[in-house]
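Hello,

Here is the structure I promised to pass on to you. Have a look at it first, and then read my notes below.

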Amino acid sequence: ASILTFTSVLFLSLPVGIIGHEFTRSWQIRGQVLLKNRIRRCMMKWGYNSKDLRLLIEYVDVNGDGMLALTEFLELMRQMRIGISSQSAIDLFMAFDDD
């Protein structure tokens, strides 16, 4: 009977642990998600679309490599006048940058 009780508790705690872990992970990245949503809303509000964004990226891409460095990205955010702080722009860049 005690083995059955122990096994039941073990199998019941497993889903709770998984849900707890996913909640913690979601809470940790909430800032990134909120910032991305804010940027998306601001872009729509100012009338930017994906084609405009590509042109803007080409405009601020100083070295012409097709990728934005942090300084180029900060200049893009400044030019677009989205209204986020430099630190928020850096956080956004780090969320997208994979190297």
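The largest pocket is lined by 23 residues, and those nearest its centre are Ile57, Leu68, Phe73, Phe93 and Phe96. Please keep in mind that this is a predicted model. The volume of the largest pocket comes to about 530 Å³. Where does the lining come from? Helices α2, α3 (50-60), α4 (70-80) and α5 each supply at least two residues of it. Sorted by kind, the lining residues of the largest pocket are 13 nonpolar, two polar and eight charged.

You will find Leu68 in the loop between α3 and α4. Which residues does Leu68 touch, if we leave aside its neighbours within four places in sequence? The answer is Ile57, Val60, Asp61, Phe73, Leu76 and Phe93. Take Ile57 from that list: Leu68 and Ile57 are 11 residues apart along the chain, and 7.4 Å separates their C-alpha atoms.

Now for a pair of helices. The axes of α2 (residues 30-45) and α5 (residues 86-96) come within 10 Å and cross at roughly 105 degrees. Angles of 65 to 115 degrees count as roughly perpendicular, and therefore α2 and α5 are roughly perpendicular to each other. On the α2 side, the contact is made by Gln32, Leu35, Lys36 and Ile39, while α5 brings Ser88, Asp91, Leu92, Ala95 and Phe96. The residues of this contact between α2 and α5 divide into five nonpolar, two polar and two charged.

Two single residues are worth a visit as well. Not counting residues up to four places away in sequence, Met77 touches Ile39, Ile82, Ile84 and Ala89. From Met77 to Ile90 there are 13 residues in sequence, and 10.0 Å in space from C-alpha to C-alpha.

Asn49 lies in the loop between α2 and α3. Its relative accessibility is 39%, so Asn49 counts as partly exposed.

Enjoy exploring, and write back with any questions!

Best wishes

Note on methods: Residues numbered from 1 in each chain as written. Predicted model: local features only at pLDDT ≥ 70, side-chain atom pairs only at ≥ 80, totals over all residues. Heavy atoms only, no water. Axes fitted to C-alpha atoms, helices over the stretch in contact; angles between N-to-C directions. Helix = DSSP H or I, 4+ residues; strand = E, 2+ residues; numbered from the N terminus. Parallel < 35°, antiparallel > 145°, perpendicular 65-115°, else oblique. Contact = heavy atoms within 4.5 Å. Nonpolar A, V, L, I, M, F, W, Y, C, P; charged D, E, K, R; others polar. 1 Å grid on protein atoms, 1.4 Å probe; cavity = no way out; pocket = protein on both sides within 12 Å on 5 of 7 lines; lining within 4 Å. Points joined across faces, edges and corners; volume = space filled by probe spheres on them. Buried < 20%, exposed > 50% of the residue type's maximum accessible area, 1.4 Å probe, protein only.
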